[in-house]
Every structure is written in C-alpha cells, then in structure tokens.
Amino acid sequence: MGYFEQLSQRIEMKEAHIGVIGLGYVGLPLAMEMVKSGFSVCGIDLNEEKINSLRKGRSYINDISNQELQESLNTDHFYPTNNYEIVKELDALSICVPTPLSENQDPDTSFITRVIENIKPFMKKGMLVTLESTTYPGTTEELILKEFKRIGYEAGKDIFLCYSPERVDPGNESFRTNNMPKVMGGMTENCNAVGELLYSNYIEHVVPVSSPKVAEMSKLLENTFRSINIAFVNEIAMMSERMDIDVWEVIDAAATKPFGFMKFQPGPGIGGHCIPLDPMYLSWKAKGFRFYSRFIDLAQSINNNMPDVVVSKTSQALNIYGKSINTSKILILGMAYKPNISDLRESPGLYLYELYKEHGANVNYYDPHAHSFIDKDDNIVHSISYSKEELKQYDCMVLVTNHSGFDYDELANVGIPIVDTRNAFKNYDQPHIHKLGTASKVHKKQHTSVAL
Ligand code: SAJ
C-alpha cells in the first residue's frame with residue numbers, strides 16, 4: 001500500500017494525527033474544529049505564553065470561549081506545545097502563521113520559511129502539508145515544495161502538499177471556520193484528493209481548484225477587490241464633496257439596485273491585517289513578471305491618503321470658527337480599525353493621531369474597546385475616560401470608528417464641531433457636523449455670500 005492509500009485510510013478511520021502550526025485567530029479555531037470532528041490535534045506555537053494559556057484552558061482568541069477550549073482539552077484530543085519534535089508523530093500539518101509586510105512594504109514570508117526549517121528535521125514520508133497563510137501566487141511551490149524536494153520528497157507520491165487560504169473574519173457570527181467555503185489547491189491530483197478528504201471532515205464545503213497558485217491568487221483577488229472598491233468610493237466621496245453632493249445619499253440610492261452593484265462606504269482609510277496588506281503581496285509578485293498593476297497601486301495611494309483628507313476636512317471645519325488645527329484640542333472618537341472590536345492593526349485612527357500632533361494639535365482619543373496604544377515615539381497613549389463635561393473642552397471631535405456603543409445623540413448635542421468620517425451622524429443635519437463626502441454647510445453659505 002502506497003503513502004496515498006495509507007494516509008487516506010488513516011484519515012477515513014480518524015486515526016490521522018494532525019498538527020496546526022500558528023495558534024492565532026486562524027489556527028486556534030481551525031484546531032478546535034478538527035478536535036470536534038474527532039481527530040487528535042497538536043497545536044504548535046513558539047509563543048510559550050500562548051501555550052501556557054491554552055494548557056490552562058484560557059483562550060486569548062475572542063471567537064473561542066474558555067469553555068470550548070476546555071472541552072477540547074478534556075477530550076485529550078488537543079495538545080498545545082512549542083516543541084516541533086512532535087511533528088514526527090503527525091500525519092498532517094496545517095500552517096497558519098502571519099504574512100505581514102516588511103518595512104519597505106514588500107512581503108515578509110519569514111514566518112513561513114521558519115516553520116519549514118523547523119519541521120524539516122522531523123518530517124516523514126506520507127505526510128500532508130497545507131499552507132493557509134495569505135500569500136502571493138507561487139509561495140507554496142517556491143518556499144515549501146522546493147525545500148521538500150531538497151530532502152528527496154516528491155509531491156503526490158511521498159509527500160502531499162496543498163494551499164488552502166484562510167477566510168476567518170473575526171467576530172463574524174454567521175460565517176465561522178466550519179461553515180466558510182474553503183478553497184483547496186493541491187500540487188497534484190493525489191494532493192488535492194487527500195487534502196479534500198481531510199478538510200471535509202471539519203469544513204462543510206471544500207472547493208477544490210487545480211493548483212496552489214489558483215488558490216493563492218483567489219484569496220488575493222478577494223481582498224484586492226475590496227481595497228480597490230473602497231478606494232473608488234473614497235474618490236467618489238471627495239468628488240461629491242467638491243460638487244456639493246451628499247455622497248452618503250448617493251450611495252444609499254445606488255444600493256437600491258438589486259443587481260450589479262455592491263455597497264462600499266467612504267472612510268478615513270483602511271485598517272486591519274488583510275486589506276491594507278494583501279494587495280501589496282499581489283502587486284509585488286506581478287512586478288516580477290513585469291506586470292505593473294496600476295489599479296492596486298492607485299487604490300493603495302488613495303486609501304493611504306485618506307487620513308490626510310480627513311486632516312484637511314478638520315482644518316476646514318475649524319477654520320469656519322476662526323481656529324486652526326495648530327493649538328486646537330482635538331478628540332478622536334474610535335481608534336480600532338472597524339466597529340465594535342479592539343483591533344488596532346493599521347488603523348487609520350493611529351495615522352490621524354500622529355498627523356494631528358504634527359499639525360500642532362493637542363490630541364486625545366476615546367475608544368471603549370481599544371484602551372491604549374503605543375505611538376510612534378514609543379509613548380503609551382490611553383483612551384480618555386468619557387464624560388459629557390469633558391467633551392466641552394475640545395475644539396473639535398473626529399468620528400473615526402462608528403462603534404455602536406457611542407451615544408451619538410449626546411455627542412451631537414455637545415455643540416462643538418464634529419468631523420464625521422463614517423456618516424455615523426446621518427440622523428443629525430446640524431451645521432456643526434461636517435461629514436466626509438459632503439460640503440460643509442456653513443462653509444457653503446460663506447462661499448455663496450462671496451459669490452454675491
Ligand atoms: N472599509 C471601508 N469601507 C468599506 C469597507 C471597509 O472604509 O466599505 C474599511 C474598514 O473600516 C476597515 C478596512 O476597510 O478599516 C477593512 O475592513 P474589512 O471590512 O475588509 O474588514 P477586515 O479587514 O476584517 O477584512 C476581513 C477580510 N477577511 C479575510 O481576509 C478572511 C475580508 O476579506 C472580508 O471581506 C472582511 O473581513 C469582511 O467582510 O468582514
């Protein structure tokens with residue numbers, strides 16, 4: 001019996017021992033689904049704090065409760081460790097490590113290459129290895145297959161190699177790891193078959209494609225699509241403001257079209273660990289084929305320029321009251337990169353904080369979820385404690401993240417200028433509220449008087 005048949009049988013009998021490398025917001029939920037489907041799972045992460053926390057039944061991932069984690073530990077089917085030697089006992093590995101950008105905005109695949117170096121000494125023939133980290137087309141072949149060939153393994157014969165992009169959307173109650181369709185691209189048909197055989201035990205819908213490259217490219221298309229459309233609607237917002245049209249009303253009207261349109265909304269820029277980064281992986285790789293994606297680069301420049309657009313809008317709003325950003329007291333409302341979460345990664349609020357400071361403002365922020373951050377001078381900045389009296393001391397408030405927990409009625413009635421980058425104050429049509437994508441009313445009146 002060949003390795004393919006052996007591994008397939010161990011999977012069918014649920015005797016296969018699976019490893020998940022990287023126990024973050026992707027790896028830990030995946031490991032829990034594997035345990036729930038009856039497999040014995042080893043969670044590998046070099047961060048000892050994470051391993052100790054997991055062993056004590058304490059989850060550090062919002063989507064995994066302590067109870068769910070403890071239930072997995074109680075089954076004796078989940079074993080967290082930071083020791084790669086365990087790979088010798090395993091039949092399959094899923095790699096879920098970060099793929100950030102380097103200082104000069106190039107892909108940083110060092111986490112992937114470090115995993116491959118760590119597992120190579122303990123690999124054995126007949127294993128399935130699946131990479132899940134978002135990355136550029138060609139990564140699985142160039143960084144993993146090449147290394148396996150070096151130790152004499154042939155894909156589809158004595159090693160099975162797939163790419164299956166993660167689609168975890170933290171906090172999304174409707175689409176979780178088990179019911180999110182999962183694209184799977186194997187190096188060979190055998191690789192695809194055994195990858196699909198394993199994953200279909202804990203993922204409801206596995207979508208096989210012809211190669212890892214197709215799977216890698218599909219994930220980047222998903223997120224580059226978002227980045228470009230967000231940039232486009234940001235440009236429409238700036239255009240509408242110039243033309244004295246309310247972009248939010250325009251978008252709501254366009255969104256009544258039941259087909260052929262998808263609603264995106266302007267904002268102060270894009271944050272998170274996916275949308276700002278993933279398109280750069282694609283444009284970087286394409287350049288190696290002498291293909292320069294103007295769409296991706298243009299979208300990146302528009303989105304990355306949105307904090308400057310908001311600063312300019314703030315300057316206009318203060319100017320109406322004879323003030324400038326310099327020496328003004330500015331309060332940023334919401335620092336997390338999207339509503340009702342605490343995640344600050346790449347958040348536009350962080351860039352705005354630094355820009356207002358550079359323009360001489362005295363800046364604070366209030367965010368009920370994100371309690372503090374480290375600014376670019378390595379100072380810890382804490383969210384202010386909130387009170388209506390406290391708000392009156394500010395010259396301007398800037399709504400950056402529309403958390404549902406904000407009291408918009410109270411904020412609107414403080415009476416100081418508000419720059420609203422999310423249409424959070426859509427029900428308030430007062431002149432002191434200056435919405436991104438609409439001309440400032442008081443400003444427009446002055447403009448008309450000049451015309452007379
Ligand atoms: N944003 C806008 N306007 C929009 C949509 C988003 O300015 O119309 C901004 C957000 O404020 C945020 C950034 O873009 O700062 C990213 O927002 P996002 O809604 O794309 O949220 P993410 O970063 O959590 O993206 C993830 C992605 N999921 C995966 O990669 C597995 C993305 O593919 C999902 O579409 C997205 O979640 C989602 O829909 O929630």
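Biologist: How far is an oxygen atom of the ligand from a polar backbone atom of Y337?
Modeller: The distance is 2.8 Å. That is a polar contact, meaning a pair of N or O atoms within 3.5 Å. This is a predicted model, where local features need pLDDT of at least 70, side-chain atom pairs count only at pLDDT 80 or more, and totals for chains, interfaces and linings use all residues. Residues are numbered from 1 along each chain, and side-chain values use heavy atoms, leaving out hydrogens and water.

Biologist: Which side chains have an N or O atom by a ligand oxygen atom?
Modeller: R422 has a side-chain N or O atom 3.0 Å from a ligand oxygen. For K219, a polar side-chain atom lies 3.4 Å from one.

Biologist: How many residues surround the ligand?
Modeller: There are 17, counting residues with a heavy atom within 4 Å. Among the closest are D169 and N223.

Biologist: Where does the ligand lie relative to the domains?
Modeller: Between domain 1 (3-210) and domain 2 (244-451), because both give residues to its shell. The bounds come from an automatic or database domain assignment.

Biologist: How far apart are the C-alpha centres of the two domains?
Modeller: They lie 37 Å apart.

Biologist: And how many residues of each domain are in contact?
Modeller: 15 residues of domain 1 are in contact with eleven of domain 2. Contact means heavy atoms within 4.5 Å.

Methods
Polar contact = N/O pair within 3.5 Å; in protein donor to acceptor, adjacent residues only side chain to side chain.
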